[in-house]
Amino acid sequence: MERDYLLRSLNPAQREVVSAPRGNMIIVAGAGTGKTRVLVSRVSWLLQVEGVPARSILAVTFTNKAAQEMRLRIGALAGEGALRALWCSTFHSVCVRLLFAYATQAGLRPNFTIIDTDDGKGIVKAILRDLREQGGQGFSTAAIEQLKPQDALHAISKAKSQRQRAADCAATWGRDERSRLAARVYREYERRCEEQNLVDFDELLLRTVELLERNEAVRDLQHHRFQEILVDEFQDTSALQYDFLRLMAGPGAHVSVVGDDDQSIYTWRGADYTNMRRFMADFPAVSQHKLDENYRSTQNILDVANALIKGNTERLMEKVLHGTQGEGSPVSVLSNYTAQAEGINVARIIAGRHQKGEPYGSFCILYRLNHLSLALEQQLSAAGIPYQIYGGLKFFEREEIKNALAYLQLALNPADNVALLRIINVPSRKIGPAVVAQLYQVAEERGCSLMDAIDALIEYAGASPDAPDAVRKLARRCSAFKALVDRLRGLAAGEDLLAMLDCAIDESGLHDYYRQKDEKDRKGMGDNLRAANLDELRGHAGRFVAEQSALGEAPTLADFLATTSLQSGTEMAENGAVDTDTSKVQMMTIHAAKGLEFPSVILAGCERTILPHVRFGMGLSPRDEEEERRLAYVAVTRAQQRLIISYAQARVLYGKTVTTGKSPFLLEVERALGGSGHLPYRYL
Ligand code: ATP
Ligand code: MG
């Protein structure tokens, strides 16, 4: 009965995979062929037919949105009970869970803070500034000034993804001054993170891999627990993620991976689709499966996708997408003079279809670069069309949100100087740079964190009647801040998350501060409701508490902060919502659209130098070009019934008007399809 129920909605090839005997398997198949559907059904099959305990299953995917979608589908198929016990999340979340559980073994204190790229950049900036102030320490002022913090951070991130620690890089990064300086920055970055108990995104993975590798007991526990490991979007795993999988899978475990090498779009971030080949070699007795039929798109759309991806030579295998949805309406090409005209035309098309009954939410506008959304937004607004942007404004990266969260971070991890510096004077407590410099001095003398320095100062000033005036003054300045943090620490001890947020937002004065700022700014330019965002953060916390309670888990502060740090901006609407709002046009970059589908897709800015994206003054290597073609392929294959490819003849890019025109990819498709005498194509 359960068997039939699980297999009923699958085709024979999909059924074969879902009901295959337990073992290692790989499914390589094109877009929209049901890979994710098969993976979810397989989880249910393992639970219900094979009797695998839910807690022995680990399902991993790339984005929070995909993980949430997967959990929903598993919940619907296998029930809430199973959903509670199994692990279904992103690589990063799995690592956070393991690091929380085995912090000491991983060399961390259990209250570690997860920092984002922006925080990382702040640390690098401080390192460079300190170096300069200390006379360069053997490095020239010119070299220090020329090293951009983001470049140094990028080098650190890349090194970590290749499993190189600072000590390794000191030897391998070259002897020229710039490389030596970068290695020095890495060493100091590592030291500061260690001291302040901070963990960046790459570190989450690297630490976990090192933990599993070095600690046999921890590794054995995982091997004992996880019998089945399943991975979606496997083409986008990095070497480090691959190592993680190998270490998590014990001799008795089975690993199932699904992916499409044609959709690998994260090689710039260390993804390596040849992991698919490695998987077949490294894991024993891997059964290989293919899925051919596409259930997502009409044949006209698939013809364009097939013609496009044919241009790539570096493919693991040739896959031609066959549709099941009929021919459908022709793909349209929209030619515009300018980006502004593109916006106007796109708005006109959407308004027209909306009048005929198509809901706004069935449209998705995709673009290669974030800033291309602007011209489109303006015209949608002008036409009164509601839209929602994913990843444009990153909720958890907004200043007001980061500040509110910094109060919580500091309460949890008082060693976190980054969090302290964010908020010690926001709102103003008259603790300016001079006071901070004094605090630094105390911290340095005592070898402690800034928060400890404040505690010590205030204690000393209170207990010693003969303390110097300067010390008393300093202590007085910091006392209100300390009282606030102490109160937060008290609430943190009781794990009262919502009360903590109220304290961090209201008692801190943050809400008033931003409300006044909003009012001032609104006179100048439209809405800028930072205070409302703070309220939305409370809403978020409320939902988190409710969800955790529903799962039977305690809503801890540490978990809450981990989820907020792991919500990457690309997956979220402006107001922090992860759900898709069906009453609004969806807008996002192609990268953010991976795995998703929409009835109507408009690919905007399909132009020379934009798609493929050629960075100013740089050429395009054949490898880059293939990745860009894969991106275009991902964009095109998101469409279910209608695809519009749009380009402008010219647009303003980085402040200059440039002639762009039709993307070479579009020309390739026209050439390929035009030759057959059948154009599934029309010009609008
Ligand atoms: P992508 O490569 O973009 O991640 P995918 O291979 O994971 O795509 P799915 O998202 O699982 O594909 O499936 C694409 C669409 O086709 C979904 O709407 C899914 O529900 C539907 N689908 C898949 N298999 C079938 C089937 N056998 N019958 C009906 N619909 C199906
Ligand atoms: Mg998928």
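Glu628 is located in helix H28, which covers residues 622-636. In this predicted model, the Glu628 residue is buried, its relative accessible area being 5%, a value under the 20% cut-off for burial. Leaving aside residues up to four places away in sequence, Glu628 is in contact with Arg368, Ile610, Leu611, Pro612, His613 and Phe665.

**Domains**
- The chain is divided into four parts: domain 1 (2-102 + 214-291), domain 2 (117-199), domain 3 (299-392 + 582-683) and domain 4 (396-566).
- Between the C-alpha centres of domain 2 and domain 3 the distance is 39 Å.

**Fold and overall dimensions**
- The chain contains 29 helices and 18 strands.
- Its radius of gyration is 27 Å, close to the 26 Å given by the globule rule for 684 residues, so the chain is as compact as a globular protein of that length.
- The C-alpha trace spans about 95 × 60 × 55 Å along its principal axes.

**Packing**
- Buried residues make up 55% of the 684 residues of the chain, and Glu628 is one of the buried residues.
- Of the contacts between residues at least 6 apart in sequence, 77% join residues at least 24 apart.

**Surface and charge**
- The accessible surface of the chain amounts to about 29,600 Å², and carbon and sulfur atoms account for 51% of it.
- The chain carries 83 positive and 86 negative side chains.
- The centres of these two sets of charges lie 3 Å apart.

Definitions and conventions:
Residues are numbered from 1 along each chain as its sequence is written. Chains are lettered from A and ligands numbered from 1 in the order in which they are written. This is a predicted model: local features need pLDDT of at least 70, side-chain atom pairs count only at pLDDT 80 or more; totals for chains, interfaces and linings use all residues. Side-chain values use heavy atoms; hydrogens and water are left out. Helices (H or I, at least four residues) and strands (E, at least two) are DSSP runs, numbered from the N terminus. The radius of gyration is taken over C-alpha atoms; the globule rule is 2.2 Å times the number of residues to the power 0.38. Buried means under 20% relative accessible area, exposed over 50%, partly exposed in between (1.4 Å probe, protein chains only). Contact means heavy atoms within 4.5 Å. Accessible areas come from the Shrake-Rupley method with a 1.4 Å probe; for residues, only the protein chains shown count as cover. Lys and Arg count as positive and Asp and Glu as negative; His and the chain ends are not counted. The place of a charge is taken as NZ of Lys, CZ of Arg, CG of Asp or CD of Glu. Domain bounds come from an automatic or database domain assignment.
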